[in-house]
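Subject: The structure I promised you

Hi,

Here is the structure for you to open alongside this email.

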Amino acid sequence: IANSLAVKKQLIENEGVSKDACKLIYNGVKINKIKNKTKNNTIKILCMANIIKYKNHELIINACSKIPKKLNYIIYFVGNDSSRLANLLKKKVIEFGLNNKIIFCGKKINPQSFLNNSDIGILVSNEEGFSNTILEYMSFGLPVIASKVGGNPESVKNNYNGFLIKKNDANGLKTKLILLIKNPKKRMLMGKNGFKDAKKHFEINLSVIKYKKTFDKLFWSNAKWKL
């Protein structure tokens, strides 16, 4: 069972799994009622990912170093930040003078408050299978900026519910961040589009039903073979 077309393709082409033996079932998330956001001049941007190299937090820092300081935004890094890499990134943030723009929040058991209060979600990994983080962003009505890797293009539709950028493209990330920071109407429209897509395609019960049907079919075919 593959959770994205990208993973399914990899299983077939690289792992030798036959097409007939490979089934696609997308991950699912709980769909939340979108709350009206408190009007605030500071645009809140969320990156929800443990700080490990392939999640590429460094790209976000590099992109922010190119954004005019006068823009009123703040980025929250939510995820395990106890690694050596995290300490290096914290030093880089200070060196760039971004310590009032990028906040390391550490690991959170329940990040719902961050999702509720954010305006934009970003995930610029160098590799992904199919990202639950992106689905969480969409389920809370956030426009998404994501790298065009793995299964990300299957949830993020460029210029509809967010933007896809090339891997390691700091200038591309900077441009899209500035665009969304400055444009509340676009943020709202993209967020609504993402919420609709999440509800239609990625609601948790849809995933549960498909898994149940798959396992039921496997069980009964095996039972008949034994009989």
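Predicted model: local features only at pLDDT ≥ 70, side-chain atom pairs only at ≥ 80, totals over all residues.

Asn168 counts as partly exposed, because its relative accessibility is 46%. Asn168 sits in the loop between strand 6 (162-165) and helix 7, and its phi is near 65°, a positive value in a residue other than glycine. Most residues other than glycine have a negative phi.

Asn56 also deserves a look. Its phi is near 60°, again positive in a residue other than glycine, and Asn56 belongs to the loop between strand 1 and helix 2. Is Asn56 buried or exposed? With a relative accessible area of 8%, Asn56 is buried, whereas Asn168 is partly exposed.

Now to the helices. Helix 7 (residues 170-182) and helix 8 (residues 184-201) have axes that come within 5 Å and cross at roughly 100°. The two are therefore roughly perpendicular to each other. On the helix 7 side, the residues in contact are Leu179, Leu180, Ile181 and Lys182, and they meet Pro184, Lys186, Arg187 and Met190 of helix 8. Sorted by class, this contact has 5 nonpolar and 3 charged residues, with no polar ones.

Helix 2 (residues 57-64) and helix 3 (residues 84-95) are arranged in another way: their axes come within 10 Å and cross at roughly 0°. That angle makes helix 2 roughly parallel to helix 3. Here His57, Glu58, Ile61 and Asn62 from helix 2 meet Leu89, Lys92 and Val93 from helix 3. By class, the contact between helix 2 and helix 3 comes to 3 nonpolar, 2 polar and 2 charged residues.

Next, the aromatic side chains. How many aromatic pairs does the structure hold? There are 6, and I will describe two of them here.

In the pair of Tyr26 and Phe202, the ring centres are 5.4 Å apart and the planes stand at 85°, so the pair is edge-to-face. Tyr26 lies in the loop between helix 1 (5-14) and strand 1 (43-48), while Phe202 lies in the loop between helix 8 and helix 9 (204-226), so this pair ties together parts that are 176 residues apart in sequence. Phe202 counts as buried, because its relative accessibility is 4%.

Finally, two lysines are placed over aromatic rings. Lys101 lies over the face of Tyr73, at 4.6 Å from the ring centre. Lys176 lies over the face of Phe163, with a distance of 4.6 Å from the ring centre.

Best wishes

Terms used. Residues numbered from 1 in each chain as written. Heavy atoms only, no water. Axes fitted to C-alpha atoms, helices over the stretch in contact; angles between N-to-C directions. Helix = DSSP H or I, 4+ residues; strand = E, 2+ residues; numbered from the N terminus. Parallel < 35°, antiparallel > 145°, perpendicular 65-115°, else oblique. Contact = heavy atoms within 4.5 Å. Nonpolar A, V, L, I, M, F, W, Y, C, P; charged D, E, K, R; others polar. Phe/Tyr/Trp six-rings, centres within 6.5 Å; stacked < 30°, edge-to-face > 60°. Buried < 20%, exposed > 50% of the residue type's maximum accessible area, 1.4 Å probe, protein only. Lys NZ or Arg CZ within 6 Å of the ring centre and 35° of its normal.
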